[in-house]
Amino acid sequence: MNFHMMGNCRVTLSLSKAQDDNNKLLNSNTPYKYTIAVQPHYLFNGGLRVDFEKQIKPKQWLLASVKGYYLPHTDFDDDTWWSFFTDNSYGDITGLNGFGIELGYKRTLLPRTDILYLSGGLSYGYLDVQYYGTKYISYIENGLTFYEPRFGEINQYFNRLGANACFGIQTQPKHRFFVDGYIGIGYNYSFYNKNKQAFDEEMYTAGYRGLSLITGIRLGFRLGKVNK
């Protein structure tokens, strides 16, 4: 009998906690529990970024983003690509592909509205950049190893770690469609083959290591409306 009473008590407490959480959302300024958005400026790099948000408490959100990049391979004699990831001083590239993920946290600021927020996150990205340049081909002659320079296509691989902190402003949370703009600072560190082109001259390039300015615009929808 005591066992059944404890079980009923646990069920009651769980239902009570769920009801309390739902009441908090009902009383919050944001009547939606989820958002999904894209960042159109990623198209300039042949990329697509999709952001997901989930409200965990009033004014507090968890963030998750997935990114993909693709510029189809071209021959050196054909049209080449330009990308923010590569240095203008070096020239255009013949292809690019990669992916990235980001996890973060967002908190809105004002007591009676949720249009202003602070956010922070950690990210990882992988890029394969194809370009033409001088590479060295090894060969053995008379028992000795020689290296001969040749002009050809080279693949440079980047593994990029980052962290960021941003201030943003978004349209009123009562509307299903929203526009969101943000600005902040980030830190990036890229791992790559130092014997190849580094593409590290500007803060937005693939091989850059250090602090950078972050800015962008998001367009999206709010989902999962809380019933009132």
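User: What lies over the face of Trp61?
Analyst: Lys106 does, at 5.5 Å from the ring centre. A charge counts as over a ring here if NZ of Lys or CZ of Arg is within 6 Å of the ring centre and within 35 degrees of the ring normal.

User: And where does the charged end of Lys106 sit relative to Tyr117?
Analyst: Over the ring of Tyr117, 4.7 Å from its centre.

User: What kind of model is this, and how are residues numbered?
Analyst: It's a predicted model, with residues numbered from 1 along each chain as its sequence is written. Local features need pLDDT of at least 70 and side-chain atom pairs pLDDT 80 or more, while totals for chains, interfaces and linings use all residues; side-chain values use heavy atoms, with hydrogens and water left out.

User: OK, cavities. How many of 30 Å³ or more?
Analyst: One. A cavity is a set of points, on a 1 Å grid over the protein atoms alone, where a 1.4 Å probe fits but cannot get out.

User: How much space is in the largest cavity, and what lines it?
Analyst: About 60 Å³, where volume is the space filled by probe spheres set on the grid points, joined across faces, edges and corners. Lys106 and Trp61 turn up again in the lining, which also includes Thr30, Glu53, Asp114 and Arg222. Lining residues have an atom within 4 Å of a point.

User: How does that lining split by class?
Analyst: Three nonpolar, four polar and four charged residues. Ala, Val, Leu, Ile, Met, Phe, Trp, Tyr, Cys and Pro count as nonpolar, Asp, Glu, Lys and Arg as charged, and the others, Gly among them, as polar.

User: Switching to rings. How many aromatic pairs?
Analyst: The count is 14. Rings of Phe, Tyr and Trp (its six-membered ring) pair if their centres lie within 6.5 Å; planes under 30 degrees apart are stacked, over 60 edge-to-face, and the rest tilted.

User: Why is the Phe44 and Phe84 pair edge-to-face?
Analyst: Because the ring planes of Phe44 and Phe84 are at 85°, with centres 6.4 Å apart.

User: Which parts of the chain does that pair tie together?
Analyst: Phe44 is in the loop between strand E1 (32-38) and strand E2 (47-57), and Phe84 in the loop between strand E3 (60-71) and strand E4 (95-108), so the pair ties together parts 40 residues apart in sequence. Strands are DSSP runs of E, at least two residues, and helices runs of H or I, at least four, numbered from the N terminus.

User: Are those two buried or exposed?
Analyst: Phe44 is exposed at 56% relative accessibility, and Phe84 is partly exposed at 31%. Buried is under 20% relative accessible area, exposed over 50%, partly exposed in between (1.4 Å probe, protein chains only).

User: Which residues are clustered with them?
Analyst: Ring pairs link Phe44, Trp82, Phe84 and Tyr204 into a cluster.

User: What does Thr113 touch?
Analyst: Asn29, Lys59 and Gln172, not counting residues up to four places away in sequence; contact means heavy atoms within 4.5 Å. Thr113 lies in the loop between E4 and strand E5 (116-141) and is buried, at 16%.

User: And the overall make-up of the chain?
Analyst: One helix and eight strands, running α-β-β-β-β-β-β-β-β from the N terminus.

Conventions. 1 Å grid on protein atoms, 1.4 Å probe; cavity = no way out; pocket = protein on both sides within 12 Å on 5 of 7 lines; lining within 4 Å.
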